[in-house]
Amino acid sequence: MPLTVRRETHREFTVITIIGEVDKNGVPDLVESIDEALRATRPRLLFDLAGMEFIDSAGLRLLLGACERATRCGGTCALCCLCPTPRKIMDVTGIGDAFDIYPTMAAALAGGPLESPASRELP
């Protein structure tokens, strides 16, 4: 499935919705949305992954980089609504530990409850 990326503002969050497969071919579209969101002062990024079917190493690096950049600017970065395949990829690689993960967008926008908190801070 081709990649579709939407960026919207909900409350104080920039929600980036990812639908389809994130691989090296789709990364440029995602980079554009992330770069735009990171222009905000103290960006609060929320990635809605309900429609993301797959993510490769390029996509994982991009999400980690977005999280690091948001944190450096005094902002935050979280994921919500992970589907089984991307969740398994993140669990196997350990990358899921870098993010606060919420079961639903409503939970993320409300500040909890967390499905899994980040177990470490990124530099």
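Visitor: What percentage of the 123 residues of the protein chain count as buried?

Guide: This is a predicted model, where local features need pLDDT of at least 70, side-chain atom pairs count only at pLDDT 80 or more, and totals for chains, interfaces and linings use all residues. Numbering starts from 1 along each chain as its sequence is written, and side-chain values use heavy atoms, without hydrogens and water. A residue is buried under 20% relative accessible area, exposed over 50% and partly exposed in between (1.4 Å probe, protein chains only). Of the 123 residues, the buried share is 45%.

Visitor: Which element of the protein chain has the highest confidence?

Guide: Confidence here is pLDDT, given by the predictor for each residue from 0 to 100. Helices (H or I, at least four residues) and strands (E, at least two) are DSSP runs numbered from the N terminus. The chain averages a pLDDT of 88, and 95% of its residues score at least 70. Helix H3 (residues 84–93) is lowest at a mean of 89, whereas the highest, at 95, is strand E3 (residues 44–55).

Visitor: In what order do the elements run from the N terminus?

Guide: The protein chain has 4 helices and 5 strands. From the N terminus on, they follow the order β-β-α-β-α-β-α-β-α.

Visitor: In E2, which residue is the bridge partner of His-10?

Guide: Two strands pair if DSSP finds at least two bridges between them. E1 (residues 4–10) and E2 (residues 13–22) pair in the antiparallel sense over 7 bridges. Their hairpin has 2 residues between the strands, and Arg-11 takes a positive phi near 55°. The bridge partner of His-10 in E2 is Phe-13.

Visitor: What radius of gyration does the protein chain have?

Guide: The radius is taken over C-alpha atoms, and the globule rule is 2.2 Å times the number of residues to the power 0.38. With 123 residues, a compact globule would have a radius near 14 Å; agreeing with this, the protein chain has 13 Å.
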